[in-house]
Amino acid sequence: MAKARARTGGWSAIWHLLGLVAPGVIWIVVFLVAPAAYLMTIAFMTNGSYGLPEMPLTLAAFKQLAGYGFLGWSPANLYVVGRTLAQTVLATAAVILIAYPVAFYISRAPARLRPLMLLLVVVPSWTNQVIRAIGWMNILAPGTPMADLAAALGFISPHLGLYPSQFAVALGLVYNFLPFMVLPLYAVFERLDTAQIDAARDLGAGTWDAFRHGVLPQTLPGLAAGTVLVAIPAFGMYVIPELLGGGKNLMLGSLVARQFAAASNWPFGAAAALIMIVATLVGLMVLRRLGRRLGGDSGVML
Amino acid sequence: MSQSRSPAATEAGRDNAPRADTAISLRGLHQAFGPDAVALDGVDLDIPAGSFFTLLGPSGCGKTSLLRVIAGLDSPDAGTLSIGGRDVTRTAAHKRNVNTVFQSYALFGHLDVAANIGFGLRMQGHDRATIKKRVAETAAFIQIDNLLGRRIDQLSGGQRQRVALARALVNEPDVLLLDEPLSALDAGLRATLQLELLRIQRRLGMTFVFVTHDQDEAMVMSDTVAVLNQGRIEQVGAPAALYERPANPFVARFMGHSNLFAIRAQDAEGLTADFGRLAGDFRPGSHVLLRPEVMHIRPADAPAAGGQGPNVIRAQVRERLYRGSRMEYTVAAGETTLVAVDDNRGQGMYDIGAEVALAVEQSGVVTLDG
C-alpha cells in the first residue's frame, strides 16, 4: 500500500512538475526555439527572384556575407562586422569607465539619497529610444553649440556637426546603455566588504593594488552582468546607429534589417543574424574566461 | 603569570631584533566622526613591547577606532602616535610595520590560502621563492600547511581565522593588531584558539594588541588590559588589578561585578550603604564593591568567627542558582540585594527565604571613586 501511495504520489508529482514548467517551456519553444529554427533554415535557403527564400538549401547567403558578389570579392560586409564589433567594445568600455565610479559614488552616498540618485540614472531610459536619439541629433547637429565647440577645438571641420558620425553613434550607445551597467554595479558595490580594502592597505598595498585585490574581484559579478546587459544589445543595436550614424556607417543590425526590408534578401539577412548570435555566444565565453582569469571564481559564472 | 618571554627567534627564522620597552605610545588622540560621534576623546596610552595588550570595552567605546588609528587605516583628528619610538601619526597604513587580523577576517576570495598569506610579502616586492618559503614556514607554524592550496570559500570559520593570523604574522610586524578575531567562533573553538593565540604570542615575543568586549577573554589572555568607555581610557592594568581593584564603577561593572553600591556615609569608623554598615577604616570613595569571593555565606545562627571578626551582613535568600562548582545566591540585605557565592563542597543549598549571614573579609572591601 505504501508502494502504491508512493507511485500515485510520484505521478502526481510529475504532473505537478509538468504543470509548473509547461508555461515556460511552451513560451520558449514558441517564441525562441521555433523562430530561431526558422531563421536558421532561411539562412541556408536560396534567395528567390521575388525576394522570398526558396529551396534548394545552399551556402550562398554566407558566401555573400563573406563578400563574394556579382563583382567578385569585396570586404564591405566584413567592415560592417568589424565596425560593429569595434563600436560595441568601445561603447561597453566607455560605459564601464563611466558607470563604475558613478555606481561606487551612489553606493557611498547617504542612504536616503541613494534611491533618488538611482532613479536619476534610470529615468531617461523610460523615454522612447527613438525620441532620445532624435534629442541627441538636435544637440550634435551642425550649428549647435556643441558642434561649434568641437569645431573651435579642431576636432571636426567647421559646419560639419558632430552628427551624423561614428562619434554620435558611440555617444548614443553609451548614453542608452549606462543604466544597465550602473544598476548591477551598484548592487555589488552596496554589499562591498570594505574590510578587504583595509586588509590590502594593511598588508602594504598601494592604491592600485588595494583596488585590484580589495575591490575589483568583489565587483566582477556586477561587471560581468553589466557587460552582458550592455554589449549584447549594443552589438545588435539598430535604432541608434541608424539615426545617429546617418546611414553612412552601416552596422550589423542595420545590415540585417535592410535585408528583410528594402533589399528583400531574407537568406542573407538570416545568415547575418546567425553570425550575430554566434559572435554573441563567443563573446559570452570570452567574458566567462576573463572572469575566471581575474579570479572571481564563484559568482562570476554566467 | 610569568612576564618573561622566549626569544623572538624561532624555527620560522625571525630575527631577534632588540625592542624598545614601549612598542606603541599614544598621546592625546582625538577622533570624531561628527559632533555626536566622538570615537576617541583624548587617549594617552603606552603599550609595552612584547606584551599581550588588550583593549576592552563595550561596543562603540572606541576600541576598534583606536585599533584602526594604530593600523593607519584612519587618521586621528589630533594627537600623536609612535610605534617603536618613531612618530607615525601621518604615515600611511601600507608603510607601517603593523599588521591586523580583522574581525571578519577580510580574506581575499579570489586568491587561494597560500596567495592570501603571501599577499603582504608580494606587496613588499619579495621574489616568488622567498614568498613561497616564508609562507610555508608560517603555515607550518600556525599548523595550516595542509590548507595552502585551498580556496577561501572551502575553509571553516576556525581555519579562516588561522589563515588571517598567518597572513598577518608572515610579515613579521612590530605589532600585531587583532580586532575581536574570535568573536565569530563558537565557544569551544574560541577557547582553543585563545590558548593558541597566547602560545603564539609567547613564542614570538611579538607585541599583540587585542580588542575584545568579553572581559573573561581579556582576563585569560592579557598581560595588560586597558578598559575603554566613550572614547576614554578608564583604567589600565593587569587583569588581577582590574578585577580586584577596579578604579571606578564602570570598570567594576564591566569586569562583571554586581555587588556595587553607592556609599551613603563614610567616616574613619566605617561606611554605610543600602545593604547596611561595614566597620573599618576604608579609603574614602563614592562606591563600595563587595566581591562575592570575599563574602562567606553561613547560617544566621552560626557562631561568629573569633578574634577581631569580619563584618557580618544579615540577609535573607531570595533566589538561588546551582552552577555546579558553586552555588549562587541573591540575598536581600537592608534596602537592596547582593549576590553571594558558595563553593560546592557538598554542604547542600540554603532554601529560599532562609536567614543567612554574610561574613565580609576586611581586605576584600574595595572603595571606588567616580
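Let's start with what Asp179(B) touches: leaving out residues up to four places away in sequence, its contacts (heavy atoms within 4.5 Å) are Thr64(B), Leu67(B), Val101(B), Phe102(B), Gln103(B) and Val211(B). Before I go on, this is a predicted model, where local features need pLDDT of at least 70, side-chain atom pairs count only at pLDDT 80 or more, and totals for chains, interfaces and linings use all residues. Residues are numbered from 1 along each chain as its sequence is written, chains are lettered from A and ligands numbered from 1 in the order in which they are written, and side-chain values use heavy atoms, with hydrogens and water left out.

Back to Asp179(B), which sits in strand 7 of chain B, residues 175–179; strands here are DSSP E runs of at least two residues, and helices are H or I runs of at least four, both numbered from the N terminus. Asp179(B) is buried and has no salt bridge. Buried means under 20% relative accessible area, exposed over 50%, and partly exposed in between, with a 1.4 Å probe and protein chains only. A salt bridge needs a side-chain nitrogen of Lys or Arg within 4 Å of a carboxyl oxygen of Asp or Glu. The nearest side chain of opposite charge is Arg68(B), 6.5 Å away.

Pairing takes at least two DSSP bridges, and strands 11 and 15 (residues 287–290) have three. In one of the pairings, Leu260(B) has Leu289(B) as its bridge partner.

Lastly, chain A: Thr207(A) lies in helix 9, residues 207–214, and counts as exposed because its relative accessibility is 71%.

Conventions. Lys and Arg count as positive and Asp and Glu as negative; His and the chain ends are not counted.
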